[in-house]
Amino acid sequence: MNFFTKLTVVTMSALSVFSCADGNDAPLYKDASKPVEKRVEDLLSRMTLEEKAGQMNQFVGIEHIRANEAHLTPEDLKTNTAQAYYPGFPADTIEQWTKEGLIGSFLHVLTIEEANYLQELAMQSRLQIPIMFGIDAIHGNCNCPDNTAYPTSIGLASSFNPEMAYRIARQTASEMRAMNMHWTFNPNVEVARDARWGRCGETFGEDPYLVSVMGVESVKGYQGDMNQDDVLACVKHFVGGSQPMNGTNGSPTDLSERTIREVFFPPFKAGVEAGALSLMTAHNELNGIPCHSNEWLMTDVLRGEWNFKGFVVSDWMDIEHIHDLHATAENIKEAVYQSIMAGMDLHMHGIYWNEAVCELVREGRIPESRIDESVRRILDIKFRLGLFEQPFADPQTTMQVRLCDEHRQTALEAARQGIVLLKNDGILPLDEKKYKKVLVTGINADDHNIMGDWTAPQKPENCVTILEGLRMVSPQTDFVFVDQGWNPQEMSRAKVNEAVAKASKCDLNIVVAGEHMFRGNWTKKTCGEDTDRSDLDLVGLQQEMIERIYATGVPTVVVLVTGRPLGVQWIADNVPALLNAWEPGMYGGQAVAEILYGKVNPSAKLPITIPRSAGQIQMIYNHKPSQYFHPYVVTESTPLYPFGYGLSYTSYEYSELVLSADRIAADGTVDVSVNVTNTGKVAGEEIVQMYLRDRFSQVTRPVKELKDFTRVSLAPGETKTVTFTITPDKLMFLDKKMKPIVEAGEFIVMVGSSSADEDLLKASFHVK
Ligand code: BGC
């Protein structure tokens with residue numbers, strides 16, 4: 001008898017008669033009027049070890065498996081682990097396990113029909129514990145068809161608009177619940193410090209404070225009050241993978257405890273404090289210990305220091321990788337042991353888990369009480385999200401929520417606020433009367449790739465490409481389109497020649513270049529998850545095409561669609577206008593066109609530095625004082641565009657930086673006020689940024705750190721006074737013994753429109 005049949009027998013023979021404290025037939029845990037803690041304990045007391053192990057496991061949806069079964073050969077079906085297939089474990093067995101209560105969660109279930117179907121199977125199980133469906137709803141639930149696709153996090157962060165992060169998370173939660181999905185693997189609160197890393201677009205950029213603020217609002221938006229309208233958030237990936245050794249996803253990280261605590265921990269801690277109830281560990285090893293078996297991270301810090309009350313989930317195959325990649329466990333069972341004992345609660349994806357957990361408990365290596373701890377945490381969340389009361393979603397009403405007008409409007413607004421104007425020699429906004437015939441070309445000109453990574457194919461009517469946006473916004477312009485295909489690695493020279501030939505006959509050229517992120521083209525993409533680069537140049541013939549189009553002498557505008565900073569030095573030096581659209585989502589095409597034609601005044605600022613080249617990495621604004629003591633020879637030591645930078649069609653003047661005090665006690669506060677005036681001719685929104693520097697300190701401190709920001713809208717000629725308050729936490733750092741301290745001495749306050757010194761007004765105060 002193999003493990004799978006054995007489990008069936010064990011579970012069936014364990015059928016228990018429900019008994020309740022008050023003598024009714026329904027067990028206590030099914031009574032919604034009882035406190036969650038009591039329901040959890042009641043249910044836990046009825047569960048077999050196999051059922052407990054099952055609650056701690058997550059499987060890939062059966063449609064996903066069936067799609068693989070359809071194209072794999074019988075031989076492959078026994079061994080192939082690619083594309084989330086479980087060798088020798090067909091979809092039918094997954095159905096059977098679900099009916100037996102041996103699976104607690106699924107991921108990659110993409111339709112409401114499948115979610116409801118699997119839930120029906122779970123409702124046939126002995127204890128009827130509902131399934132919790134997890135999904136990568138990274139920028140909306142658009143990893144599933146027919147959902148709103150908002151800009152990805154890097155664009156959202158460019159808006160410096162925390163309210164927008166909250167709103168998007170709230171709307172995403174409602175679209176998810178309308179599909180019977182309960183748990184998003186988001187927000188990604190990693191601090192992105194390497195532009196080669198393909199996942200920069202999934203993050204809120206390079207600054208710990210900005211990442212924290214946006215992450216906290218996302219957590220609050222997803223989780224609400226943790227009831228039937230809400231979804232579980234997941235702060236990920238814990239920790240350090242956003243500064244990978246060689247830029248590649250999941251490669252080792254070697255970081256000092258100071259850097260971990262000062263740079264990488266703060267957004268996770270802030271997320272936990274905001275109430276995040278799940279956390280995902282990172283692919284990478286950290287200082288020699290895989291994050292998935294790292295007791296310091298999962299237990300000492302997360303639970304001991306931060307009092308985390310939720311559960312920890314592993315990332316894709318990463319418990320297995322403790323054995324087969326990091327090689328710190330001799331087999332998978334040992335890897336499971338190490339991971340659970342270090343603090344892991346829920347295993348993403350895989351069949352070995354249930355058997356290993358049961359054996360380890362029976363052998364006495366893992367106490368059952370340790371398993372109970374994890375199951376409690378998971379059940380607690382299932383109860384709080386109302387899954388027992390509402391295990392299904394209604395297919396009749398689902399589309400009243402998904403893609404509703406309000407959500408579409410938010411997607412458009414977020415795109416308008418998240419597109420960064422990097423260069424404008426005065427050609428923008430475009431004059432329709434002057435530029436009557438306009439060439440549009442480039443891999444991202446007419447492609448759904450603008451929706452970004454973590455997007456499933458969406459219906460054509462649910463995405464406005466940039467070409468479509470241009471035609472919509474400027475109907476009188478004659479747009480001449482030359483299609484370059486979507487794949488930068490397979491561009492055709494004939495098509496480039498055609499674009500160049502047509503360019504010279506137009507009044508203006510718009511080239512929409514960048515990266516390809518669409519995960520449906522997994523092996524062809526140039527950016528996104530597991531898609532890292534050793535340079536930051538435009539891939540394929542894109543650069544050549546731009547240079548040749550520019551050489552026609554006809555004015556040329558470049559729009560970049562990308563999930564990572566691109567080192568487009570030549571373009572920045574030569575082309576008169578450059579717009580960085582990031583991955584602007586379903587209405588990205590409309591927003592780009594509105595900005596190009598001046599219907600919308602751009603306001604976004606960079607949440608991540610754009611280096612000139614990969615060789616400059618690590619290129620961050622909040623570096624230590626000695627970083628450029630000896631600058632590079634031959635090439636520049638400054639970034640192409642600094643953190644916090646972004647242009648507008650109006651101009652702003654900063655004046656009268658005033659501090660409320662020039663001396664404060666260590667627990668005192670200082671108000672910082674500054675006047676911001678719109679000195680141009682159009683209304684705009686300016687992102688006012690405040691940085692601090694601790695002038696002399698017992699350990700080295702960054703040359704500046706963002707400590708606050710706000711968006712202000714200003715009519716032409718209008719002045720507003722912006723006030724920030726510096727509280728002790730903004731002055732704090734870790735002393736030589738790693739204890740938080742506010743040290744006496746001088747602090748420099750810098751307020752302005754970007755992190756560049758020339759854009760900042762400065763004043764200083766002293767802590768006594
Ligand atoms: C990614 C996670 C993601 C998971 C499930 C992994 O490869 O690293 O961020 O949540 O897959 O799709």
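## About the model

Residue numbers start from 1 along each chain, in the order its sequence is written. Because the model is predicted, local features need pLDDT of at least 70 and side-chain atom pairs count only at pLDDT 80 or more, while totals for chains, interfaces and linings use all residues; side-chain values use heavy atoms, leaving out hydrogens and water.

## Around the ligand

Let's start with the ligand. There are 14 residues around it, and Asp136, Lys236, His237, Asp315 and Glu529 come nearest (a residue belongs here if one of its heavy atoms lies within 4 Å). By class, this shell holds 6 nonpolar, 3 polar and 5 charged residues; Asp, Glu, Lys and Arg count as charged, Ala, Val, Leu, Ile, Met, Phe, Trp, Tyr, Cys and Pro as nonpolar, and the others, Gly among them, as polar.

Some side chains reach oxygen atoms of the ligand: an N or O atom of Asp136 is 2.4 Å away from one, and a polar atom of Lys236 lies 2.7 Å from one. For the His237 side chain, the distance from an N or O atom to a ligand oxygen is 2.6 Å. The protein covers 95% of the 310 Å² of accessible area that the ligand has on its own (Shrake-Rupley method, 1.4 Å probe).

## Helix 23

Now to helix 23, residues 588-596 (helices are DSSP runs of H or I with at least four residues, strands are E runs of at least two, both numbered from the N terminus). Helix 23 is largely enclosed by the rest of the structure because 9 of its 9 residues are buried, meaning under 20% relative accessible area with a 1.4 Å probe, protein chains only.

These buried residues pack against helix 18 (405-418), helix 19 (466-473), strand 14 (508-514), strand 15 (556-561) and strand 16 (577-582), where contact means heavy atoms within 4.5 Å. Just after helix 23, Gly598 has a positive phi of about 75°.

Conventions: Polar contact = N/O pair within 3.5 Å; in protein donor to acceptor, adjacent residues only side chain to side chain. Buried < 20%, exposed > 50% of the residue type's maximum accessible area, 1.4 Å probe, protein only.
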